[in-house]
Amino acid sequence: MHATSITQFDASEAGVVPGCERVRDNVWALPLSMPGGHIPYSILYLMRDSRGGVHVVDPGWDSDDNWQTLVETLQAIGAAVADVQSITVTHLHPDHIGMAERLRGASGAPVQLHALEQRAINGGVNRAWSTAAPEAVLSSWGVPDDRQPEILRMADRLPPQIPLTADRLLVDDQKLDIPGFDITVMRTPGHTPGHSCLRDDANRLLYTGDHVLPTMHGGLGLGGPTETNPIADYLASLELVSRYDDYEVLPGHGYRFVGVRERAGQSEEHHLNRSREVAAVIAEGGEPTIWEIASRLTWTAGWGQLNGFFLYSALAQTAMHREFVEAG
Ligand SMILES: [Zn+2]
């Protein structure tokens with residue numbers, strides 16, 4: 001894979017937010033800052049249709065600064081907020097969906113996302129907590145009594161899902177109504193259940209949200225309970241986008257690039273390595289609990305250093321991989 005924007009690549013490496021950039025004649029990439037310091041920005045995309053209307057993909061983290069940047073960027077391309085005709089969201093996370101409500105209110109444009117993503121928003125986002133009482137989940141994972149309080153406290157502090165109700169629910173392979181463009185919705189579950197990429201065949205562009213990213217491998221199962229295993233779903237979704245290897249990828253973070261098949265392969269390896277590690281611990285026998293399995297895996301920060309949210313996240317990941325391994 002190789003970066004197709006030096007500006008975005010350099011900014012990504014430096015951890016700063018690059019400026020707006022034209023990707024095609026009528027397509028722009030607008031990086032918008034996000035809080036937390038871990039990931040500097042998410043990328044909003046603008047398309048101008050053949051009638052002068054503007055279409056937004058992933059309206060970024062909601063803040064007054066980002067809103068101001070969006071308004072000024074629209075002016076810079078000769079448009080205004082009132083010209084926005086549609087707002088499409090790849091998935092439910094606040095760095096992608098954040099300003100959807102504000103932009104809808106100011107422009108009157110409809111918000112659209114996949115029907116399964118709307119279901120996930122309505123159902124609450126925490127995979128484990130949503131299915132049973134938190135205490136019961138932790139006990140079933142074999143979490144020692146003295147470690148449960150810190151995880152339960154963390155659960156109370158998780159930010160609530162942004163309660164958005166879309167005006168249009170998208171389905172697999174649907175064409176978006178953007179005059180002069182030919183955009184197809186590709187549902188790519190894994191990161192969240194209704195995560196969708198957008199494919200622009202005329203411009204050979206692939207909007208990948210958090211499904212395939214150039215600098216990190218997005219987490220899986222981050223959109224509430226699912227009937228199917230997020231790892232299995234994710235691997236199938238990687239296969240789907242890999243067919244468009246000559247398309248330029250417009251990701252939700254980082255920089256645009258070409259080489260989606262190679263990058264998808266790296267993401268697949270990243271997650272399969274963790275599954276193999278879990279399988280190896282299970283193969284040693286003794287029917288270990290999730291807590292016992294997790295304690296024998298390698299963690300970047302070190303198992304003993306994990307606490308609160310990170311401990312919860314490590315256990316939830318381990319549970320998802322065990323389920324994937326046991327399903328064969
Ligand atoms: Zn995300």
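This is a predicted model: local features need pLDDT of at least 70, side-chain atom pairs count only at pLDDT 80 or more; totals for chains, interfaces and linings use all residues.
Mentor: Four donors count as tetrahedral if all angles lie between 85 and 135 degrees.

Trainee: Which residues coordinate the zinc ion?

Mentor: The donors follow the spacing H-x1-H-x97-H-x18-D along the chain. At 2.2 Å, the coordinating residues are His91 (NE2), His93 (ND1), His191 (NE2) and Asp210 (OD).

Trainee: Why is the arrangement of the four donor atoms around the zinc ion not counted as tetrahedral?

Mentor: A tetrahedral site needs all angles between 85 and 135 degrees. The four donor atoms here subtend angles of 90 to 169 degrees, so the arrangement is irregular.

Trainee: Is His91 buried or exposed, and Asp210?

Mentor: Buried means under 20% relative accessible area. His91 has 0% and Asp210 has 6%. Both values fall under the cut-off, so His91 is buried and Asp210 is buried.

Trainee: Which strands stand at the edges of the open sheet?

Mentor: Seven strands form the sheet in the order β2-β3-β4-β5-β6-β7-β8, with mixed pairing. An edge strand here has a single partner, so one side of it is left without a neighbour in the sheet. The edge strands are β2 (21–24) and β8 (168–170).

Trainee: At what angle does helix α4 run to β6?

Mentor: Helix α4 (residues 100–107) lies across β5 (54–57), β6 and β7 (111–114). Its angle to β6 is about 160 degrees.

Note on methods:
Residues are numbered from 1 along each chain as its sequence is written. Side-chain values use heavy atoms; hydrogens and water are left out. Donors are N, O and S atoms within 2.8 Å of the metal (3.2 Å for Na, K and Ca); water is not among the atoms, so sites may look incomplete. Four donors count as tetrahedral if all angles lie between 85 and 135 degrees; four count as square planar and six as octahedral if opposite donors are over 155 degrees apart and all others between 65 and 115; anything else is irregular. Buried means under 20% relative accessible area, exposed over 50%, partly exposed in between (1.4 Å probe, protein chains only). Two strands pair if DSSP finds at least two bridges between them. Helices (H or I, at least four residues) and strands (E, at least two) are DSSP runs, numbered from the N terminus. Contact means heavy atoms within 4.5 Å. Axes are lines fitted to C-alpha atoms, for helices over the stretch in contact, and angles run from 0 to 180 degrees between N-to-C directions.
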